[in-house]
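I opened a new model today and kept short notes.

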Amino acid sequence: MSTAAGVRSLRDGASTLLLDAAAAGLGATPGPLALDGVGNLYVADNDTHRIIRRGTDGSLSLIAGTGVAASPGPLAGEGQPAGSVALGTVTGLAVDGAGNLLVADTGVLALRAIAPAGTITTLVGGGPTPLGGSDGLWVADGTPGRDVALGGLDGLAVDAAGRAYIADTTSGAILRLGTDGTIDIVITRRTDVAPVDGVPARESSVAAVGALAADRAGALYFEDGAILRAISGI
């Protein structure tokens with residue numbers, strides 16, 4: 001028996017197909033997912049370079065993307081309807097407390113936000129200042145997110161306070177975006193310190209940061225190579 005490709009839910013051991021990829025015009029392997037506070041499901045599809053929303057009534061609507069991959073270069077579409085803006089490769093989705101859909105797009109090296117009204121803006125990335133890492137030096141805490149140039153994105157989470165966290169896999173760092181639009185370094189890859197536990201995060205190190213998740217108790221969980229680690233009291 002074949003199983004349709006798409007997005008499924010699992011409850012009480014039973015699997016239910018929520019979104020049939022072929023019927024929705026998506027590729028065979030839909031990518032990152034996110035749920036908002038009322039149960040709408042957001043699905044990024046890197047085969048067709050689009051983000052769609054499945055409403056609680058099962059209806060589908062286009063949220064972002066033109067169906068064509070974004071071209072390298074300066075970020076385009078700032079302040080424009082997200083459905084008219086090309087996407088690159090989406091590696092993370094999350095919804096913040098204000099209902100904004102956050103999009104980690106490693107194809108354009110930026111964290112962007114899609115407002116409930118549908119317009120897209122850049123939160124982190126596209127700036128002139130390298131994040132750092134190659135020489136052990138990092139951009140200063142409190143730097144505006146839009147002033148920073150990212151190396152690559154492979155993780156996104158939002159905490160209970162509405163702050164976003166992104167993993168820059170190329171530079172080897174986890175960043176926190178404050179509600180004021182500035183960033184702080186949470187933890188980095190370092191050559192002088194081993195990835196030890198039980199110390200403040202800035203006194204430890206990472207090997208290869210990846211997926212992120214934040215709980216409501218103030219802990220940030222992150223993939224570090226083949227290990228799952230956590231930072232408490234974020």
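This is a predicted model: local features need pLDDT of at least 70, side-chain atom pairs count only at pLDDT 80 or more; totals for chains, interfaces and linings use all residues.

My entries follow in the order I made them.

Entry 1: I looked up an open sheet first. It has five strands in the order β12-β17-β16-β15-β14, with antiparallel pairing. Which strands form the edges? They are β12 (143–144) and β14 (156–158), and each pairs on one side only. I then followed β14 to its neighbour. Three bridges join β14 to β15 (residues 164–168), and the two run antiparallel.

**Entry 2: D96.** I went to the loop between β7 (90–95) and β8 (101–105), where D96 lies. A salt bridge needs the atoms within 4 Å. What does the D96 side chain reach instead? I found the backbone nitrogen of N100 at 2.8 Å. The backbone nitrogen of A98 is reached at 3.0 Å. Leaving out residues up to four places away in sequence, D96 touches L102 and V158. V158 took me back to the sheet, as β14 covers 156–158.

**Entry 3: salt bridges.** How many salt bridges are there? The count comes to seven. I looked up several.

R202 pairs with D141, with the closest N and O atoms 3.3 Å apart. R202 sits in the loop between β17 (182–188) and β18 (209–214), and D141 in the loop between β11 (129–130) and β12, so the pair ties together parts 61 residues apart in sequence. Both ends are partly exposed: R202 has a relative accessible area of 45%, and D141 has 40%.

R176 forms a salt bridge with D184, and here the closest N and O atoms are 3.8 Å apart. R176 counts as buried at 18% relative accessibility. D184 counts as partly exposed at 25%.

D197 and R229 meet in a salt bridge at 3.3 Å, N to O. D197 lies in the loop between β17 and β18, while R229 is in strand β20 (residues 227–231), so this pair ties together parts 32 residues apart in sequence. Is each end buried or exposed? D197 is exposed, at 64%, whereas R229 is buried, at 10%.

Salt bridges that share partners join E78, R112 and R146 into one.

Definitions and conventions
Residues are numbered from 1 along each chain as its sequence is written. Side-chain values use heavy atoms; hydrogens and water are left out. Two strands pair if DSSP finds at least two bridges between them. Helices (H or I, at least four residues) and strands (E, at least two) are DSSP runs, numbered from the N terminus. A polar contact is a pair of N or O atoms within 3.5 Å; within protein, one must be able to donate a hydrogen and the other to accept it, and residues adjacent in sequence count only if both atoms are side-chain atoms. Contact means heavy atoms within 4.5 Å. A salt bridge is a side-chain nitrogen of Lys or Arg within 4 Å of a carboxyl oxygen of Asp or Glu. Buried means under 20% relative accessible area, exposed over 50%, partly exposed in between (1.4 Å probe, protein chains only).
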